[in-house]
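The sequence and coordinates come first.

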Amino acid sequence: MVNEISNPASVVDEATFSVRRTIRIAASIDKVWRAVAEPEHVSRWFGHVSLDGSGAGATGTMTFPDYGAIPLRVEAFDEPNLIAYRWGNDDAQEERPDVLDPETSTVFTFTLEPVDGGTQLTVVESGFERTSAPLENLESHRTGWNEELDKLVALVEGEA
């Protein structure tokens, strides 16, 4: 069984203003897909997701306790291989925006691949050059992806 301890940490690429993390999860691609694409499952390990539909173009929010609601939109949807979300999560700002602004938001993309013994999941978040404090936000989201994806692994593998 794979666990979060054996998975490498997120890395920042300052040249492309992106954060990347690739992990292995001892679960089927279908199970991991549900965990990253279905709001009721995403809400169990990440922020509480509420969407007005499904698939590309669905909009809504992701809400975190003591942080607030972040506007969210599904940018791409290719079940069970890829889902991308755009969100207005600029940690350097004191307040969260009420609406999603493509000029200042980032996109995080989950790519899933079946591998021996489970699923390889890669998340790449890009667009930090458009945020209020690119380097500060890169570091904040790097540590955030470590914490959040470790929770995802524990949840999904715990249900295996």
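## Terms and model

Two strands count as paired if DSSP finds at least two bridges between them. The model is predicted.

## The sheet

Eight strands form an open sheet with antiparallel pairing, in the order β1-β2-β8-β7-β6-β5-β4-β3. The edges are held by β1 (11-13) and β3 (48-51); each has a single partner strand, so one side of each lacks a neighbour in the sheet. On average, neighbouring strands of this sheet are turned by 25° against each other, direction ignored.

## Strand pairs

Valine 11 has arginine 20 in β2 as its bridge partner. The hairpin of β1 and β2 has four residues between the strands, and phenylalanine 17 takes a positive phi near 50° there.

β2 also pairs with β8, in the antiparallel sense and over eight bridges. In this pair, isoleucine 23 stands opposite leucine 121 in β8. Strand β8 (residues 118-126) in turn pairs with strand β7 (residues 106-115) over nine bridges, again in the antiparallel sense. Here phenylalanine 110 has valine 123 in β8 as its bridge partner.

## Helices on the sheet

Helix α1 (residues 29-37) packs on the sheet and touches β2 (18-25), β5 (68-78), β6 (82-87), β7 and β8. The direction of α1 makes about 170° with that of β7.

Helix α3 (residues 134-158) packs on the sheet as well, touching β1, β2, β4 (59-64), β6, β7 and β8. The direction of α3 makes about 15° with that of β2.

Methods. Residues are numbered from 1 along each chain as its sequence is written. This is a predicted model: local features need pLDDT of at least 70, side-chain atom pairs count only at pLDDT 80 or more; totals for chains, interfaces and linings use all residues. Side-chain values use heavy atoms; hydrogens and water are left out. Helices (H or I, at least four residues) and strands (E, at least two) are DSSP runs, numbered from the N terminus. Axes are lines fitted to C-alpha atoms, for helices over the stretch in contact, and angles run from 0 to 180 degrees between N-to-C directions. Contact means heavy atoms within 4.5 Å.
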